[in-house]
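Please read this report with the sequence and the 3D view side by side.

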Amino acid sequence: MDTMPLNQSQDEKDIKLLVLDIDGTIAGQSNTLSHPVKEVIAAVQAKGIKVAIATGRMYCSALRFHQEIGSTLPLVAYQGAWIQDPNTQEIHRHLSVSREIALQLLEYFEQPDLRSLLSVHFYINDQLYVREITKETESYQQRCGVNAIPVGDLRQLLDHEPTKILALCDDASLIQQLLADLRHRYKPTELYMTTSVATFLEAANTHVNKGNAVRYLAEEMLGLESHNVMTIGDNFNDVEMLSYAGISVAMGNAPDQVQAIADWVAPSVELDGAAIAMEKFLLN
């Protein structure tokens, strides 16, 4: 296990909020929470530390994890574009992609040389819409427990603004090329783009990222400061929340660039690394 030392002052921070990513962090290949992870989360909550989930998943797809850990906080979905309290149903935040940019992205992804290589997902009102059901969409549906709605031409949906747009492709190198190209076309002030999995290119409102969402939970809802927060994640969509937190942990299965910004690197998700990190920083 590769670890980085955490200095004493960080180690002694008074953590009041723990925020966890789902995929690759607390849920691995099994797509479920292991017994050790659930046990440690319960022990953390028993100490009076609030636990929240921040994920790129749809709200409806993430809800079972939120319920399983018994979180009392709003659920952060769609990288922070959608923050909703399952206990009251109140939507605290919903930031969408403008119709104009959604149309531009659709036209970009449907260029003749890209159209057959990509599966494009539009998320509107917590529903998933696709042009057609591809094998990538099928595996996505299975993992996320959602049903995609095939509509043919996605343009007909653009009387609504999508919460998120996702392009999937088996070829991770193509996703990286597209991400680099789109980052030349759109400034960060116009569009937020990230990868949550190497084969997922995600686009959302410019104000969306997990760091902003965690700041909202901590500062606006709980009256905390960043040094009261610990975050655990495994991919590029977690970078902002790792950078925000007083204690940040990257998973052993995270890309090197993500590990490099974290205070500590846990064992991989399949070794219950999140549980080990929580024990190390919150229960010892």
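Strands β6 and β7 make a hairpin with two residues between them, and N125 in that turn has a positive phi of about 50°. Helices (H or I, at least four residues) and strands (E, at least two) are DSSP runs, numbered from the N terminus. The model is predicted, so local features need pLDDT of at least 70 and side-chain atom pairs count only at pLDDT 80 or more, while totals for chains, interfaces and linings use all residues. Residues are numbered from 1 along each chain as its sequence is written, and side-chain values use heavy atoms, with hydrogens and water left out.

**Strands**

Two strands count as a pair if DSSP finds at least two bridges between them. F122 has Y129 in β7 as its bridge partner, and H121 stands opposite V130 in β7. On the β8 side, V130 stands opposite P150. β7 and β8 run parallel and are joined by two bridges.

These strands belong to an open sheet of six strands, in the order β8-β7-β6-β9-β11-β10, with mixed pairing. Its edge strands are β8 and β10 (192–194), each of which pairs on one side only.

**Nonpolar cores**

A nonpolar core is a set of buried Ala, Val, Leu, Ile, Met, Phe, Trp, Tyr and Cys residues joined through side-chain atoms within 4.5 Å. Here buried means under 20% relative accessible area, exposed means over 50%, and partly exposed lies in between (1.4 Å probe, protein chains only). In soluble globular proteins, nonpolar side chains tend to be buried together.

Which residues have the most contacts inside the largest nonpolar core? They are L18, Y140, M230, I232 and V249, in a core of 51 residues. Helix α11 (residues 273–283) supplies the largest share of this core, six residues. A second, separate core has 29 residues, including I101, L106, Y108 and I124.

Leaving out residues up to four places away in sequence, Y140 touches M58, H121, Y123, L128, V146, L166, L168 and F200. Contact means heavy atoms within 4.5 Å.

**Salt bridges**

A salt bridge is a side-chain nitrogen of Lys or Arg within 4 Å of a carboxyl oxygen of Asp or Glu. By this rule there are 17 salt bridges. The table lists some of them.

| Residue | Partner | N to O distance |
|---|---|---|
| K210 | D21 | 3.0 Å |
| E110 | R155 | 3.2 Å |
| D153 | R155 | 3.0 Å |

K210 and D21 lie 189 residues apart. K210 is in helix α8 (residues 210–221), and D21 is in the loop between β1 (17–20) and α2 (35–46). Both K210 and D21 are buried.

The pair E110 and R155 also links distant parts of the chain, 45 residues apart. E110 sits in the loop between α4 (99–109) and α5 (112–115), and R155 in the loop between β8 (149–150) and β9 (164–168). E110 counts as buried because its relative accessible area is 11%. R155, at 32%, is partly exposed, and D153, at 38%, is partly exposed. Shared partners join E110, R115, R131, E132, D153 and R155 into one network of salt bridges.

**Cysteines**

How many disulfides does a search of the whole structure find? The search finds zero. A disulfide is a covalent bond between the sulfur atoms of two cysteines; the cut-off used for the pair of sulfur atoms is within 2.5 Å.

C169 is in no disulfide, and its nearest cysteine sulfur, in C144, is 17 Å away. C60 is partly exposed, with a relative accessible area of 38%, whereas C169 is buried, with 6%.

**Confidence**

pLDDT is the predictor's confidence in each residue, from 0 to 100. The protein chain has a mean pLDDT of 94, and 95% of its residues reach 70 or more. Over residues 1–11, pLDDT stays under 50. For this stretch the model has 23 contacts beyond four places in sequence. Where pLDDT is low, the predicted coordinates should not be read in detail.
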